[in-house]
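Visitor: I would like to question the labels on this model. Show it to me, and I will ask what stands behind each one.

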Amino acid sequence: QVQLVESGGGLVQAGGSLRLSCVVSGRPFSSYPMGWFRQAPGKEREFVALINWSGSRTSYADSVKGRFSISRDNAKNTVYLQMNSLKPEDTAVYYCNTGTSYSDYVPLYWGQGTQVTVSS
């Protein structure tokens with residue numbers, strides 16, 4: 001059974017930083033890409049960031065480029081999302097996921113999400 005458990009969300013002021021973590025079990029973590037998505041109230045879930053199996057390739061949504069950074073530690077089965085210069089519009093539930101190939105990524109497994117709230 002594949003499980004993804006996110007942590008690190010919370011309330012932060014605009015301009016602040018948070019680091020999200022996601023621990024994966026039940027799947028060979030180092031073999032697959034990992035992604036972060038988010039869903040704001042009343043909006044559809046949207047892509048945030050993606051990292052390949054080794055960490056050598058990453059991609060980001062335009063809205064977070066230059067502010068967010070995705071990384072992974074394969075020894076700890078953990079993927080991270082470092083979020084800097086946070087804005088109120090970053091407020092959302094953040095979900096990690098793991099899926100298919102990096103070049104044609106389809107999320108297959110999701111975590112339960114962690115709430116990030118950015119106050120103005």
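Guide: Glu89 sits in the loop between β8 and β9. Strands here are DSSP runs (E, at least two residues), helices are H or I runs of at least four, and both are numbered from the N terminus.

Visitor: Why is Glu89 called exposed?

Guide: The model is predicted, so local features need pLDDT of at least 70, side-chain atom pairs count only at pLDDT 80 or more, and totals for chains, interfaces and linings use all residues. Residues are numbered from 1 along each chain as its sequence is written, and side-chain values use heavy atoms, with hydrogens and water left out. Now the label: buried means under 20% relative accessible area, exposed over 50%, and partly exposed in between (1.4 Å probe, protein chains only). Glu89 has 58% relative accessibility, so Glu89 counts as exposed.

Visitor: How far is Glu89 from Gly111 in sequence and in space?

Guide: They are 22 residues apart in sequence and 22 Å apart in space, C-alpha to C-alpha.

Visitor: Thr91 also lies in the loop between β8 and β9. What makes Thr91 buried?

Guide: Its relative accessible area is 18%. The limit is under 20%, so Thr91 is buried.

Visitor: Which residues are in contact with Thr91, leaving aside neighbours within four places in sequence?

Guide: Ala40, Pro41, Gln115, Val116, Thr117 and Val118. Contact means heavy atoms within 4.5 Å.

Visitor: Which backbone atoms does the Thr91 side chain reach at 2.9 Å?

Guide: One is the backbone oxygen of Pro88. Another is the backbone nitrogen of Val118. A polar contact is a pair of N or O atoms within 3.5 Å; within protein, one must be able to donate a hydrogen and the other to accept it, and residues adjacent in sequence count only if both atoms are side-chain atoms. At 2.9 Å, the Thr91 side chain and the Pro88 oxygen are therefore within the distance limit.

Visitor: Asn77 is in the loop between β7 and β8. What is the phi of Asn77?

Guide: Near 50 degrees, which is positive in a residue other than glycine. Asn77 belongs to the hairpin of β7 and β8, with 4 residues between the strands. At 28% relative accessibility, Asn77 counts as partly exposed.

Visitor: How do you know that β7 and β8 pair?

Guide: Two strands pair if DSSP finds at least two bridges between them. Here 6 bridges join β7 to β8 (residues 78–83), and the strands run antiparallel. Ile70 has Leu81 as its bridge partner in β8.

Visitor: Which side chains of β7 are buried?

Guide: Phe68, Ile70 and Arg72 point to one face and are buried.

Visitor: What makes β4 and β5 a pair?

Guide: They are joined by 5 bridges and run antiparallel. In β5, Leu50 is the bridge partner of Gly35. The hairpin has 6 residues between its strands, and Gly42 in the turn has a positive phi of about 75 degrees.

Visitor: How many bridges join β5 to β6?

Guide: There are 3, again antiparallel. Leu50 stands opposite Ser59 in β6. In the turn of this hairpin, Gly55 has a positive phi of about 90 degrees.

Visitor: Why are Cys22 and Cys96 called a disulfide?

Guide: The definition asks for a pair of cysteine sulfur atoms within 2.5 Å. These sulfur atoms are 1.8 Å apart, so the pair meets it. Cys22 in strand β3 and Cys96 in strand β9 are 74 residues apart, and the pair links distant parts of the chain. Both cysteines are buried. The structure holds 1 disulfide.

Visitor: How many helices and strands does the protein have?

Guide: It has 0 helices and 11 strands. Buried residues make up 43% of its 120 residues.
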